[in-house]
Amino acid sequence: MVFGEGYVSDEVMGIFAPIVIYWLYGGFYQLLPPLDGYRLHTRKEEEEKNLLSLSKVVKGVLLQQLLQAAVAHALFLLTSTADESGITIQPSIPIQIVQIIIGMFVMDTWQYFMHRYMHQNKFLYRHVHSQHHRLVVPYAIGALYNHPLEGLLLDTIGGAIAFLTSGMTARTSVFFFSFATVKTVDDHCGLWLPGNIFHIFFQNNTAYHDIHHQLPGTKYNYSQPFFSIWDKILGTHMPYTLVKRPEGGFEARLVKD
């Protein structure tokens, strides 16, 4: 079926829309002024603690997106239900909403357990997942900076499983993966901006994930990208409090029971 009545196919949109949205939304944050009054870390902390140049981060993200695009292309070819004229019958809007909700819970479940295992397995953490944690102070464009193996196992395969188990079409996946991309970028933006809808509607948000990137919090708050359910069920939930820094901005501090 063709997205937008004959302009770009659903499959092409499903492959490239999340990539384009990643760079547009991440680039928006990157181009903002310093906004020191809303940062979760000072600019000095970002310069001193992060162990990677921006150019290396960009190259790493592009590599992961190349792998994601290849897997998405293969997935759409294998699961296409289009008829001889190329038309795919789309489910009703309520069914698509249910499929997206199922996809969210499936993706959360996969990513929680894979993410947690990558912290518990010393080999995987040292040689794979620690690459993501080299960004001690997260920022938007670095949201998908991972070791290629982690990008494949955690994000790409997790997304494929969510797509397959939910039964969504390529068209529905455009909205699902685009939303997941925006949420992931926002969780790593490092800013606590007033009125941010993700901070209002999701407990798993920028500050929540910032706790995980702090050294005392690396064994907590594994949940991503949507809900914090598995952390709460399995005892890895770390609450936090936001404290205003005298020099401006906020600090997310762990609140241990």
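This is a predicted model: local features need pLDDT of at least 70, side-chain atom pairs count only at pLDDT 80 or more; totals for chains, interfaces and linings use all residues.
Two packed helices are described by the angle between their axes and the distance between the axes. For helix α1 (residues 10-31) and helix α7 (residues 170-187), the axes come within 8 Å and cross at roughly 20°. Because angles under 35 degrees count as roughly parallel, α1 is roughly parallel to α7, and the crossing in which α1 passes α7 is right-handed. On the side of α1, the residues that meet α7 are D10, E11, M13, G14, A17, P18, I21, Y22, Y25, G26 and Y29, while α7 contributes A170, R171, S173, V174, F177, S178, T181, V182, V185 and D186. When the residues of this contact between α1 and α7 are sorted by class, 12 are nonpolar, 5 are polar and 4 are charged.

In the model, the span of residues 12-32 is 95% helix and 0% strand, and its end C-alpha atoms lie 30 Å apart.

A second pair is formed by helix α3 (residues 54-79) and helix α6 (residues 148-166), which pack at an angle of about 30° with their axes 10 Å apart. That angle makes α3 roughly parallel to α6, and here, too, α3 passes α6 in a right-handed crossing. The contact brings L63, Q64, L67, Q68, V71, L75, F76 and T79 of α3 to P148, G151, L152, D155, T156, A160, F163 and L164 of α6. By class, the contact of α3 with α6 has 10 nonpolar residues, 5 polar residues and 1 charged residue.

Another annotation in an unreviewed UniProt entry, "domain: Fatty acid hydroxylase", covers residues 101-236.

Strand pairing is described for strand β3 (residues 240-244) and strand β4 (residues 250-254), which run antiparallel and are joined by 5 bridges. Within this pairing, T241 stands opposite R253 in β4. The hairpin of β3 and β4 has 5 residues between the strands, and in this hairpin G248 takes a positive phi near 115°.

Conventions
Residues are numbered from 1 along each chain as its sequence is written. Side-chain values use heavy atoms; hydrogens and water are left out. Axes are lines fitted to C-alpha atoms, for helices over the stretch in contact, and angles run from 0 to 180 degrees between N-to-C directions. Helices (H or I, at least four residues) and strands (E, at least two) are DSSP runs, numbered from the N terminus. Angles under 35 degrees count as roughly parallel, over 145 as roughly antiparallel, 65 to 115 as roughly perpendicular and the rest as oblique. A crossing is left-handed if the near helix is turned anticlockwise from the far one by less than a right angle, and right-handed if clockwise. Contact means heavy atoms within 4.5 Å. Ala, Val, Leu, Ile, Met, Phe, Trp, Tyr, Cys and Pro count as nonpolar, Asp, Glu, Lys and Arg as charged, and the others, Gly among them, as polar. UniProt positions are given in the numbering used here, feature names are shortened, and annotations may be inferred rather than shown by experiment. Two strands pair if DSSP finds at least two bridges between them.
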